Amino acid sequence: MARTHTRLRVTGTVQGVGFRPFVYRHAVALGLAGSVWNDSEGVLIDVEGDEDGIDELGRLLVDEPPPLARVSNVVAERIERALGARTFEIVESHDGGRPDVPVSVDTATCAECLAEIEDPGDRRYRYPFTNCTNCGPRYTIVRSVPYDRPATTMAGFPMCERCRAEYDDSRDRRFHAQPNACPTCGPQLAWRAPDGAVLAERDAALRAAVDALKSGHIVAMKGIGGYHLVVDATDASAVRELRRRKARDDKPFAVMVRDLHAARQLGVIDEAAQRALCSSRRPIVLVPVRAGAPVAPDVAPGLPELGLFLPYSPLHHLLVAGVERPIVCTSGNLSDEPIAHADDDAVTRLGALADGFLTHDRPIHIRCDDSVVRAAGGRLQLLRRSRGYAPEPMRLPAAAPAPVLAVGAELKSTVAVAKRDEVVASHHIGDLEHLPTWRSFEQAVGHLCALYGVVPEVVAHDLHPEYLSTKYASELDLPDVAVQHHHAHVAACMAEHDVTSVVLGLAFDGLGYGPDGTMWGGEFLVADLCTFTRAGHLRPVVLPGGAAAIREPWRMAVAWAQLAMGSALTRDRLGGMEPRAGQLIDLLDAGPVGTSARTTTSVGRLFDAVAAILGCRNRVSYEAQAAIELEALARTVARADAPIYPDLVPVARVDRMMVLDPAPLVAALIDSRDHVEIPLLAAAFHETLGRAAAELAIDLASGYALDTVALTGGVFQNARFSAIVEDALRAAGLRVLVHELVPANDGGISIGQAAVAAARSATGVDPKDSGVSSRRANQSPKRGGAAPLPIPQLCPPRRPGSSSSGGRGR
């Protein structure tokens, strides 16, 4: 039979996922000869044999790749010269060239490895660094690509003879598993005092940590992407002490449990939550807390949800099994700092927080916090995209002609790089106003660019001139693309659903800098990936005290009350809510001089105001705390029982702009507090505002002849409010895009910035353009039969042969 020589180039996430062993086994089974190797672009296969066998190998690469692989493309090239090989082999990686291959995410321990850890007869019994080609660390240990052991933090651990035999055996699941190790040759545990002194090693270190936790002590444990602070979740005094030391007054802690059965003892686990909990990504999953759940009250004080996750490394499995009860597993840091991941830094920063350190000698190259998802209404929504998700690439709706660096926002920072038709976002970094987080931001930029071979030719950033990320972009001496904050939110949602056509975006969040110099946050944008028109917004209100209004919701309560009912009634109704309330009312009466004249259209700040009005809290200790507690109140009332006041959120046309005015609703809530139950008022606020926002969106979509609405911004992490808006929009026949794999909050901003920069570059739109269109609708939208309103000049149509709206929307 004639033999054919073919070279197959495979791109995508194909390194660190057992791809070469997979190719080897199938090539041998098909009677093919040749070789396979990693290089800076992915995987290359040089293969010779009968044509049917080569075709079948190509099909397997696309249709049945290894579980952790993500194949983007397979290109076959027929080679006339005979290869002359007699066998098939895996050869040493070919280095050189700029890296162009995605790195696999860190993956939870597989069932086979877990069985070995639990088997007293196995040589890896209780070994906390057991892994194989199907599981274990990847992103957090990779220094460079191609992905081979010398390019990881396992380079300092030469394999013993038995591990090497596994690594070389094509029939073994550790065939070419780069982090492969055992108790003889691999990393080891150490139990250290708070000053770093070694007290115990190996299994004795693990047992010492278990004993410490059972005795009510706080343990700093080095995991996959950084240190956790760990306590017994059932020990009320231990949890309170952790809060005190960590300076974390109220923000909930995550709880790790041994298995799904244990999770069901603490939370209500639906099918979506079970899927997330048991997935190889192993995020923290927010679920409704079960009544009487055996955890300390201070784990998640005053909240109806609990963040649960299952062990994702052998060390976590062994620790939870040893303690035999749920454990709090929270980021190893002081509040607002990045997670500690380097050993010396951990001792310095966590020495005063922990009673002991369970550490090891495998370095963590890049810190990576736990991811967080919320399970609500049978659906998952990603709130923090980090371990298990980052740095997984996403497809860009419009390919980038030149490499893009997107530097994100100020809060919940992530960065992203775009190259050709993919965007890769970093792990969660945090809030840039803190120096350690800023240094982490700089490290993330360098690491992501190096890992993906990106030398940026364009930098995308927020419009806000005082964001540290904006200032960083301005110092790079690169062509820059300024992307308005809420346009970036809408673009991130469009990118997730592969949409390029014009949509109506509802971008509701805390604050974002508008082109007019005010703080936006309740926006109705007619947008595509290049630019947008502001078609409507929430009624502006003074932002008293600037950033102080975010920390002290009572300020927004007074501002909205003064707007809704005047100073005299505000003084009468709310004057006693805070000692300084009367002073603030006087400042508001004084007008622009007294309040610095900064206004906002933020829906997030409106939620804060109502939370304070209804007595949830006047001050917050973490972002969105007041709004979260307001949602919790509303969820105690069934939607069918929630009062609705449709006339209390009117829409007015102001300067050719549709303005949603909740002031009458605010006044009614204030006046109803004494004779209507507070949970009913919280539910009424959600229902009334949500339906009013949806009605305006339906009118605008009709007027602009649009059929798709994108819901984005942190407010749409409120499951109750989001469901109200979604249901009304879908009932009107509109397609609704919601976030699932990209955070609706500022963690998704970098992805939106990259998508906008790529689209503007691809279509010739001036990259210096902030994206806002000066054209406005010249008539009010009307439901049913209205003539379409003029669409602003947006991106040109998508390139021929590609879909204009994609097929992944909900």
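## What covers helix α20

In this predicted model, the buried residues of α20 are covered by elements that include α15, α18 (603–613) and α21 (678–703). Helix α20 is mostly covered, with 7 of its 10 residues buried. Those buried residues are Ala 663, Leu 665, Val 666, Ala 667, Leu 669, Ile 670 and Ser 672.

## How α15 packs on α20

Two packed helices are described by the angle between their axes and the distance between the axes. Take helix α15 (residues 553–574) and helix α20 (residues 663–672). Their axes come within 9 Å and cross at roughly 20°. Angles under 35 degrees count as roughly parallel, so α15 is roughly parallel to α20.

Which residues make the contact? From α15 come Trp 560, Ala 561, Ala 564, Met 565, Arg 573 and Leu 574. From α20 come Ala 663, Val 666, Ala 667, Ile 670 and Asp 671. Sorted by class, the contact has 9 nonpolar residues, no polar ones and 2 charged ones. An α-helix has 3.6 residues a turn, so residues three or four places apart point the same way.

## Aromatic pairs

The whole structure holds 16 aromatic pairs. One of them joins Phe 441 and Tyr 472. Their ring centres are 5.1 Å apart and their planes stand at 85°, so this pair is edge-to-face. Phe 441 sits in helix α11 (residues 435–451), while Tyr 472 sits in helix α12 (residues 468–474). The two residues are 31 residues apart, and their pair links distant parts of the chain. Phe 441 is buried, with a relative accessible area of 0%. Tyr 472 has 14% relative accessibility, so it counts as buried, because the cut-off is under 20%.

A second pair joins Phe 508 and Phe 716. Here the ring centres lie 5.3 Å apart and the planes are at 20°, so the pair is stacked. Phe 508 belongs to strand β21 (residues 503–513). Phe 716 lies in the loop between β28 (708–712) and α22 (719–731). The pair therefore ties together parts that are 208 residues apart in sequence. Both Phe 508 and Phe 716 are buried. They also belong to one aromatic cluster, together with Phe 524, Phe 607, Phe 685 and Phe 721.

## Charges over rings

Where does the charged end of Arg 387 sit? It sits over the ring of Tyr 312, 3.5 Å from the ring's centre. Arg 534 lies over the face of Trp 520, at 3.8 Å from the ring centre.

## Two buried residues

His 176 lies in the loop between α4 (161–168) and β6 (189–192). Is His 176 buried or exposed? Its relative accessibility is 15%, so it counts as buried. Leaving aside neighbours within four places in sequence, His 176 is in contact with Arg 20, Pro 21, Ile 90, Thr 133 and Tyr 167. Pro 436 is 260 residues from His 176 along the chain, and their C-alpha atoms are separated by 37 Å.

Ile 751 is found in helix α23 (residues 749–763). At 2% relative accessibility, Ile 751 counts as buried. Again leaving aside neighbours within four places in sequence, Ile 751 is in contact with Met 394, Ala 416, Val 423, Ala 425, Ala 495 and Val 742. Thr 600 is 151 residues from Ile 751 in sequence, and the two are 25 Å apart in space, C-alpha to C-alpha.

Key. Residues numbered from 1 in each chain as written. Predicted model: local features only at pLDDT ≥ 70, side-chain atom pairs only at ≥ 80, totals over all residues. Heavy atoms only, no water. Phe/Tyr/Trp six-rings, centres within 6.5 Å; stacked < 30°, edge-to-face > 60°. Helix = DSSP H or I, 4+ residues; strand = E, 2+ residues; numbered from the N terminus. Buried < 20%, exposed > 50% of the residue type's maximum accessible area, 1.4 Å probe, protein only. Lys NZ or Arg CZ within 6 Å of the ring centre and 35° of its normal. Axes fitted to C-alpha atoms, helices over the stretch in contact; angles between N-to-C directions. Parallel < 35°, antiparallel > 145°, perpendicular 65-115°, else oblique. Contact = heavy atoms within 4.5 Å. Nonpolar A, V, L, I, M, F, W, Y, C, P; charged D, E, K, R; others polar.
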